[in-house]
Amino acid sequence: MTVIDAPRYPRDLIGHGPRAPRARWPGGARVAVSLVLNYEEGGENCLLHGDAQSEAFLSDIAGAAPWPGQRHWNMESIYDYGARAGFWRLHALFTGRALPLTIYGVATALARNPEQVRAMQAAGWDIASHGLKWVEHKDMPEAEERAQIAEAIRLHTEVTGEAPRGWYTGRCSVNTVRLTAETGALDWISDTYDDDLPYWIEVGARDQLVIPYTLEANDMRFATAPGWVTGQDFGQYLIDAFDVLHAEGGRMMSIGLHNRLIGRPGKLAGLIRFLDHVAAKGGAWFATRSEIAEFWAANHPHQRIERPSRMDRDTFVARFGSIFEHSPWIAERAWALELGPAHDTALGLHNALARMFRSASDAERLGVLTAHPDLAGKLAAAKRLTAESTHEQASAGLDALTDAEREAFQRLNSAYVDKHGFPFIIAVRDNTRASILAAFETRLANDTETEFATACKQVERIAELRLMDLLP
């Protein structure tokens, strides 16, 4: 398909939508639980790291602000706690319970913490990339961010001996997801917070798996307002989230952790209560994000579909110009709307087409009505119906009428057109021969204004059913 040149809305506000798969996690688990430990200590903003200012993000310092041109000793010390004490407390907790863990490792932080890296590897943890440095990317030029992504992968591979399988920048730009997907080197990326299940995105020829992350089931809220005050606050929230997902079944739960935050004893107590609760209740599959990616790729592989929002005008009109009977102008106008991923489904595209039909003049809508054939009329007998109309009339058995039934239809058709000036229109796929005849008799008695509105509604329903044959 040709890339279109028209107003398009890139945000995907439908996702899995009502078609969300119910994942059958290994062992019959109802929830896949992903524990993520962000390793940022030694990768944060610091003059020692070549940055112009100190770090000010996610610490226990109230009201922290960057110090341009100065080291912030207190901030550095808090980050140091995460590496020196917090990490080892968490290491003991997770290895003691044999829980798998995904590390979001800032490449420069990993390079400055070789003993912790060795401990991660000895535990069999999944070490994903958390970018080159723990800094903001929102204002970073695209070329610079692309270069930093490449350098992060290179340094990560050099430090750990293996290339990262996954990626999470965190403080990302609008380009981050696309740029990481374009590397073609990652099994999964996580710079989204938009779902409770993995999903696929298409970036050029690349089918990229996305495993959404979380900022709410996340200890970062110990350092934000509103946020957690006690470990119990955090633990209870995790328990409540797990219980809801457990009741739904087939969902995923991400939990975000930081050495310098949850690694403090009072905060860790809440996480321990949550782990105890899950152990008692059961139904959890604790997995690394790479394990989740492997499961999803094997059980829910991506399938590319026809996407109306990505079509050029000619392709769009050729494909959908007959959805409203002999009225391609509706598709032509719909193509010029602000289409996006939400219009790549039958219901979504139907809304766009129906908007153009509804906003048309009465004369234009009357033209659509008169373009419809009589039911079981002369065109049907002569086999001159469109493919869509032929299929629809056959679905209600109108292609196999008795002589008496055909005579009744022709009599009613003539009476209806004589009275209202347009054919009797009904979504035959919603009906039987008997219900169609009954509707004929009832609607023949209506005034023309009522019938015009009724016929327009039926035209929209016919269009909806036709689209459901073509799109998800």
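This is a predicted model: local features need pLDDT of at least 70, side-chain atom pairs count only at pLDDT 80 or more; totals for chains, interfaces and linings use all residues.
Most residues other than glycine have a negative phi, and most peptide bonds are trans. His326 counts as exposed because its relative accessible area is 54%, and the cut-off for exposed is over 50%.

Ala98 is another residue of this kind. Its phi is near 55°, again a positive value in a residue that is not glycine. You'll find Ala98 in the loop between α1, residues 73-96, and β2. With a relative accessible area of 64%, Ala98 is exposed too.

While we're on the backbone, have a look at Pro226. The peptide bond leading from Ala225 to Pro226 is cis, with omega near 0°. Pro226 sits in the loop between β7 (206-210) and α6 (231-248).

Let me step back to the whole chain now. Its secondary structure comes to 18 helices and nine strands. The C-alpha trace spans about 90 × 50 × 40 Å along its principal axes. How does the radius of gyration of the chain stand against that of a compact globule of 472 residues? The globule would come out near 23 Å, but the chain has 30 Å.

Of those 472 residues, 50% count as buried. If you take contacts between residues at least 6 apart in sequence, 70% of them join residues at least 24 apart.

How many aromatic pairs does a search of the whole structure find? The search finds 25. One of them is Trp25 with Trp285, a tilted pair at 5.8 Å centre to centre, with 35° between the planes. This pair links distant parts of the chain: Trp25 is in the segment before β1 (31-39), Trp285 is in strand β9 (residues 284-286), and the two are 260 residues apart.

Are these two tryptophans buried or exposed? Trp25 counts as buried because its relative accessibility is 2%. Trp285 also counts as buried, at 16%, since the cut-off is under 20%.

Trp25 has a further partner. With Phe295 it forms another tilted pair, 5.0 Å centre to centre and 40° between the planes. Here too distant parts of the chain are linked: Phe295 is in helix α9 (residues 289-299), 270 residues from Trp25. Phe295 has 11% relative accessibility, so it counts as buried.

Further along, there is an aromatic cluster to click through. Its members are Phe409, Tyr416, Phe422, Phe424, Phe440 and Phe452.

Gly105 lies in strand β2, residues 102-105, and counts as buried because its relative accessibility is 0%. What is Gly105 in contact with, leaving aside its neighbours within four places in sequence? The list is Tyr39, Leu110, Ala128, Ser129, His130, Gly131 and His156. Compare that with Trp88: it is 17 residues from Gly105 in sequence, and their C-alpha atoms are 15 Å apart in space.

The other residue is Trp329, and that brings us back to helix α11, where Trp329 lies. Setting aside neighbours within four places in sequence, Trp329 is in contact with Met356, Ala360, Glu364 and Val368. Between the C-alpha atoms of Trp329 and Leu471 the separation is 20 Å, and these residues are 142 apart along the chain.

Methods:
Residues are numbered from 1 along each chain as its sequence is written. Side-chain values use heavy atoms; hydrogens and water are left out. Helices (H or I, at least four residues) and strands (E, at least two) are DSSP runs, numbered from the N terminus. The radius of gyration is taken over C-alpha atoms; the globule rule is 2.2 Å times the number of residues to the power 0.38. Buried means under 20% relative accessible area, exposed over 50%, partly exposed in between (1.4 Å probe, protein chains only). Contact means heavy atoms within 4.5 Å. Rings of Phe, Tyr and Trp (its six-membered ring) pair if their centres lie within 6.5 Å; planes under 30 degrees apart count as stacked, over 60 as edge-to-face and the rest as tilted.
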